[in-house]
Amino acid sequence: MSSTPTRAPSSGATTEARAPVRRHLSERQADTVARLTDAAVAEVRGAGYDGLTVRNVARRAGVAPATAYTYFASKDHLVAEVFWRRLQDQVPTPLDGRRSASARVTTAIADIADLITGEPELAAACTTSLLAGDPDVARIREQIGIEMAARLRAALGAAFDADVLDALSLALSGAMLQAGMGYFPHAELADRMATVARLVLGP
(Lines give C-alpha, C1' and ligand atoms only; values in the text may rest on other atoms or scores of the structure.)
Protein backbone atom coordinates (compact mmCIF):
# COMPACT_ATOMS: atom_id res chain seq x y z
CA MET A 1 0.00 0.00 0.00
CA SER A 2 1.40 3.38 -0.85
CA SER A 3 0.28 6.94 -1.09
CA THR A 4 2.20 10.16 -0.99
CA PRO A 5 1.09 12.25 1.98
CA THR A 6 1.02 15.91 1.13
CA ARG A 7 1.47 18.78 3.52
CA ALA A 8 -1.51 19.14 5.79
CA PRO A 9 -3.29 22.48 6.11
CA SER A 10 -1.63 24.68 8.71
CA SER A 11 -4.70 24.43 10.92
CA GLY A 12 -4.30 20.67 11.12
CA ALA A 13 -8.00 20.21 10.30
CA THR A 14 -8.98 17.08 8.39
CA THR A 15 -12.29 18.34 7.00
CA GLU A 16 -11.14 18.22 3.39
CA ALA A 17 -9.59 14.78 3.77
CA ARG A 18 -12.70 13.34 5.39
CA ALA A 19 -15.04 14.66 2.69
CA PRO A 20 -16.48 11.70 0.76
CA VAL A 21 -14.63 10.83 -2.42
CA ARG A 22 -18.00 10.29 -4.11
CA ARG A 23 -20.52 12.99 -3.24
CA HIS A 24 -24.29 13.27 -3.58
CA LEU A 25 -25.17 9.58 -3.34
CA SER A 26 -28.70 8.64 -2.45
CA GLU A 27 -29.20 6.21 0.43
CA ARG A 28 -29.75 3.40 -2.05
CA GLN A 29 -26.63 4.29 -4.04
CA ALA A 30 -24.54 4.54 -0.88
CA ASP A 31 -25.76 1.08 0.13
CA THR A 32 -24.75 -0.29 -3.28
CA VAL A 33 -21.26 1.19 -2.98
CA ALA A 34 -20.90 -0.25 0.53
CA ARG A 35 -21.96 -3.70 -0.69
CA LEU A 36 -19.45 -3.52 -3.54
CA THR A 37 -16.55 -2.53 -1.29
CA ASP A 38 -17.45 -5.23 1.24
CA ALA A 39 -17.63 -7.78 -1.57
CA ALA A 40 -14.28 -6.60 -2.91
CA VAL A 41 -12.62 -7.34 0.44
CA ALA A 42 -14.12 -10.84 0.45
CA GLU A 43 -12.99 -11.43 -3.14
CA VAL A 44 -9.43 -10.28 -2.41
CA ARG A 45 -9.25 -12.55 0.62
CA GLY A 46 -10.31 -15.49 -1.50
CA ALA A 47 -8.71 -14.83 -4.88
CA GLY A 48 -6.03 -12.21 -4.27
CA TYR A 49 -5.47 -9.15 -6.42
CA ASP A 50 -4.79 -11.14 -9.61
CA GLY A 51 -8.07 -13.03 -9.30
CA LEU A 52 -10.11 -9.93 -8.53
CA THR A 53 -12.53 -8.63 -11.15
CA VAL A 54 -15.25 -6.02 -10.93
CA ARG A 55 -17.63 -8.55 -12.48
CA ASN A 56 -17.01 -11.12 -9.70
CA VAL A 57 -17.34 -8.43 -7.05
CA ALA A 58 -20.65 -7.37 -8.56
CA ARG A 59 -21.88 -10.96 -8.55
CA ARG A 60 -20.96 -11.39 -4.89
CA ALA A 61 -22.63 -8.09 -4.00
CA GLY A 62 -25.80 -8.98 -5.90
CA VAL A 63 -25.32 -6.07 -8.28
CA ALA A 64 -25.35 -6.02 -12.08
CA PRO A 65 -21.84 -5.59 -13.54
CA ALA A 66 -23.00 -2.56 -15.50
CA THR A 67 -24.16 -0.97 -12.26
CA ALA A 68 -20.84 -1.72 -10.56
CA TYR A 69 -18.98 -0.01 -13.40
CA THR A 70 -21.05 3.15 -12.94
CA TYR A 71 -19.37 3.51 -9.54
CA PHE A 72 -15.94 2.00 -10.13
CA ALA A 73 -14.00 2.33 -13.37
CA SER A 74 -11.60 -0.49 -12.54
CA LYS A 75 -10.62 -2.96 -9.86
CA ASP A 76 -7.85 -0.58 -8.81
CA HIS A 77 -10.43 2.16 -8.25
CA LEU A 78 -12.49 -0.28 -6.18
CA VAL A 79 -9.60 -1.43 -3.96
CA ALA A 80 -8.40 2.14 -3.47
CA GLU A 81 -11.88 3.02 -2.27
CA VAL A 82 -11.74 0.12 0.21
CA PHE A 83 -8.61 1.52 1.83
CA TRP A 84 -9.97 5.10 1.81
CA ARG A 85 -13.17 3.99 3.53
CA ARG A 86 -11.23 2.12 6.19
CA LEU A 87 -9.13 5.19 6.83
CA GLN A 88 -12.23 7.40 7.04
CA ASP A 89 -14.06 5.02 9.36
CA GLN A 90 -11.16 4.56 11.75
CA VAL A 91 -11.30 6.45 15.03
CA PRO A 92 -7.66 7.45 15.71
CA THR A 93 -6.16 6.62 19.09
CA PRO A 94 -6.31 9.74 21.31
CA LEU A 95 -2.91 11.41 21.47
CA ASP A 96 -1.47 12.09 24.92
CA GLY A 97 0.08 15.55 24.89
CA ARG A 98 2.34 14.56 27.80
CA ARG A 99 4.18 12.05 25.64
CA SER A 100 7.02 12.97 23.31
CA ALA A 101 6.37 14.00 19.72
CA SER A 102 8.07 10.83 18.46
CA ALA A 103 5.81 8.69 20.67
CA ARG A 104 2.71 10.48 19.40
CA VAL A 105 3.82 10.09 15.79
CA THR A 106 4.42 6.38 16.37
CA THR A 107 0.89 6.03 17.74
CA ALA A 108 -0.60 7.79 14.71
CA ILE A 109 1.36 5.58 12.34
CA ALA A 110 0.37 2.43 14.24
CA ASP A 111 -3.28 3.33 13.64
CA ILE A 112 -2.67 3.58 9.90
CA ALA A 113 -0.75 0.29 9.85
CA ASP A 114 -3.56 -1.43 11.74
CA LEU A 115 -5.98 -0.80 8.87
CA ILE A 116 -4.78 -3.92 7.05
CA THR A 117 -2.38 -5.60 9.48
CA GLY A 118 -2.98 -9.33 9.38
CA GLU A 119 -4.52 -9.22 5.88
CA PRO A 120 -1.60 -9.83 3.51
CA GLU A 121 -3.74 -10.32 0.41
CA LEU A 122 -5.58 -7.06 0.99
CA ALA A 123 -2.33 -5.25 1.83
CA ALA A 124 -0.77 -6.41 -1.44
CA ALA A 125 -3.89 -5.43 -3.38
CA CYS A 126 -3.92 -1.96 -1.83
CA THR A 127 -0.25 -1.46 -2.68
CA THR A 128 -0.82 -2.35 -6.33
CA SER A 129 -4.06 -0.42 -6.69
CA LEU A 130 -2.90 2.79 -5.03
CA LEU A 131 0.05 2.97 -7.43
CA ALA A 132 -2.20 2.76 -10.49
CA GLY A 133 -2.32 5.67 -12.93
CA ASP A 134 -6.12 5.62 -13.11
CA PRO A 135 -7.41 9.21 -12.59
CA ASP A 136 -10.03 7.95 -10.12
CA VAL A 137 -7.30 6.24 -8.12
CA ALA A 138 -5.17 9.39 -8.24
CA ARG A 139 -8.04 11.37 -6.71
CA ILE A 140 -8.45 8.88 -3.86
CA ARG A 141 -4.67 8.68 -3.39
CA GLU A 142 -4.56 12.45 -2.95
CA GLN A 143 -7.30 12.32 -0.31
CA ILE A 144 -5.47 9.54 1.54
CA GLY A 145 -2.27 11.58 1.44
CA ILE A 146 -4.02 14.65 2.86
CA GLU A 147 -5.54 12.63 5.70
CA MET A 148 -2.28 10.88 6.57
CA ALA A 149 -0.36 14.16 6.57
CA ALA A 150 -3.02 15.74 8.77
CA ARG A 151 -2.68 12.90 11.28
CA LEU A 152 1.08 13.28 11.36
CA ARG A 153 0.77 17.03 11.78
CA ALA A 154 -1.66 16.60 14.69
CA ALA A 155 0.75 14.11 16.29
CA LEU A 156 3.66 16.53 15.97
CA GLY A 157 1.76 19.21 17.85
CA ALA A 158 4.12 21.94 19.05
CA ALA A 159 6.99 20.13 17.35
CA PHE A 160 5.43 20.80 13.94
CA ASP A 161 7.82 21.84 11.23
CA ALA A 162 6.98 21.58 7.53
CA ASP A 163 10.29 19.93 6.67
CA VAL A 164 9.90 17.41 9.50
CA LEU A 165 6.39 16.60 8.30
CA ASP A 166 7.67 16.07 4.77
CA ALA A 167 10.46 13.79 6.00
CA LEU A 168 8.07 11.68 8.06
CA SER A 169 5.56 11.53 5.21
CA LEU A 170 8.20 10.34 2.76
CA ALA A 171 9.49 7.77 5.24
CA LEU A 172 5.97 6.50 5.90
CA SER A 173 5.17 6.22 2.20
CA GLY A 174 8.36 4.28 1.60
CA ALA A 175 7.77 1.98 4.58
CA MET A 176 4.19 1.27 3.50
CA LEU A 177 5.37 0.48 -0.03
CA GLN A 178 8.07 -1.89 1.22
CA ALA A 179 5.60 -3.63 3.55
CA GLY A 180 3.10 -3.94 0.71
CA MET A 181 5.79 -5.48 -1.49
CA GLY A 182 6.49 -8.07 1.19
CA TYR A 183 9.91 -6.86 2.38
CA PHE A 184 8.63 -6.97 5.95
CA PRO A 185 5.25 -7.65 7.63
CA HIS A 186 2.81 -4.77 8.09
CA ALA A 187 2.84 -5.65 11.78
CA GLU A 188 6.42 -4.32 11.91
CA LEU A 189 5.61 -1.01 10.24
CA ALA A 190 4.89 0.94 13.43
CA ASP A 191 8.08 -0.27 15.12
CA ARG A 192 10.21 0.55 12.11
CA MET A 193 8.67 4.00 11.84
CA ALA A 194 9.18 4.51 15.58
CA THR A 195 12.91 4.29 14.91
CA VAL A 196 12.59 6.86 12.13
CA ALA A 197 10.54 9.16 14.37
CA ARG A 198 13.19 8.99 17.13
CA LEU A 199 15.94 9.77 14.62
CA VAL A 200 14.05 12.76 13.28
CA LEU A 201 12.50 14.07 16.51
CA GLY A 202 14.61 12.63 19.31
CA PRO A 203 13.41 10.29 22.11
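Start by selecting α2 and α5: their axes come within 10 Å of each other and cross at roughly 110°. An axis here is a line fitted to C-alpha atoms, for helices over the stretch in contact, and angles run from 0 to 180 degrees between N-to-C directions. That makes α2 roughly perpendicular to α5 (under 35 degrees counts as roughly parallel, over 145 as roughly antiparallel, 65 to 115 as roughly perpendicular and the rest as oblique). The crossing of this pair is left-handed, a term for a near helix turned anticlockwise from the far one by less than a right angle, with clockwise being right-handed.

Before moving on, a word about what you have open. This is a predicted model, in which local features need pLDDT of at least 70 and side-chain atom pairs count only at pLDDT 80 or more, while totals for chains, interfaces and linings use all residues. Residues are numbered from 1 along each chain as its sequence is written, and side-chain values use heavy atoms, with hydrogens and water left out.

**Stop 1: between α2 and α5**

Show side chains on α2, including V33, L36, V41 and Y49, and on α5, including L78, V82 and R85; these take part in the contact of the two helices. Contact means heavy atoms within 4.5 Å. The residues of this contact divide into 8 nonpolar, 1 polar and 7 charged (nonpolar: Ala, Val, Leu, Ile, Met, Phe, Trp, Tyr, Cys and Pro; charged: Asp, Glu, Lys and Arg; polar: the others, Gly among them).

**Stop 2: helix α3**

Next, select residues 54-61. Which residues of α3 are buried? They are V54, V57, A58 and A61, where buried means under 20% relative accessible area, exposed over 50%, and partly exposed in between (1.4 Å probe, protein chains only). They cover an arc of only 100° around the axis, so they sit on the same side of α3; the arc is that of the directions from the helix axis to the C-beta atoms. Turn to the face away from that buried side and you will find R59 and R60, both exposed. The cover over the buried residues includes α2, α4 (65-71) and α5.

Now bring α2 back into view beside α3. Their axes are 8 Å apart and the helices pack at an angle of about 130°, which means α2 is oblique to α3. This crossing is right-handed. Among the residues that meet here are L36, A39 and E43 in α2, and V57, A58 and R60 in α3. The contact divides into 7 nonpolar, 2 polar and 3 charged residues.

**Stop 3: helix α7**

Select residues 120-130. The buried residues of α7 are L122, A123, A125, C126, T127, S129 and L130. They pack against α2 (27-51), α5 (75-89), α8 (135-156) and α9 (162-180).

**Stop 4: α8 with α9**

Keep the last two of those helices on screen. The axes of α8 and α9 come within 10 Å and cross at roughly 130°, so the two are oblique to each other. Their crossing is right-handed. M148, A149, L152, R153 and L156 in α8 meet V164, L165, L168, S169, L172 and M176 in α9. That contact divides into 9 nonpolar, 1 polar and 1 charged.

**Last stop: the whole protein**

Zoom out. The protein has 10 helices and 0 strands; helices (H or I, at least four residues) and strands (E, at least two) are DSSP runs, numbered from the N terminus. Buried residues make up 49% of the 203 residues. Among contacts between residues at least 6 apart in sequence, 76% join residues at least 24 apart.
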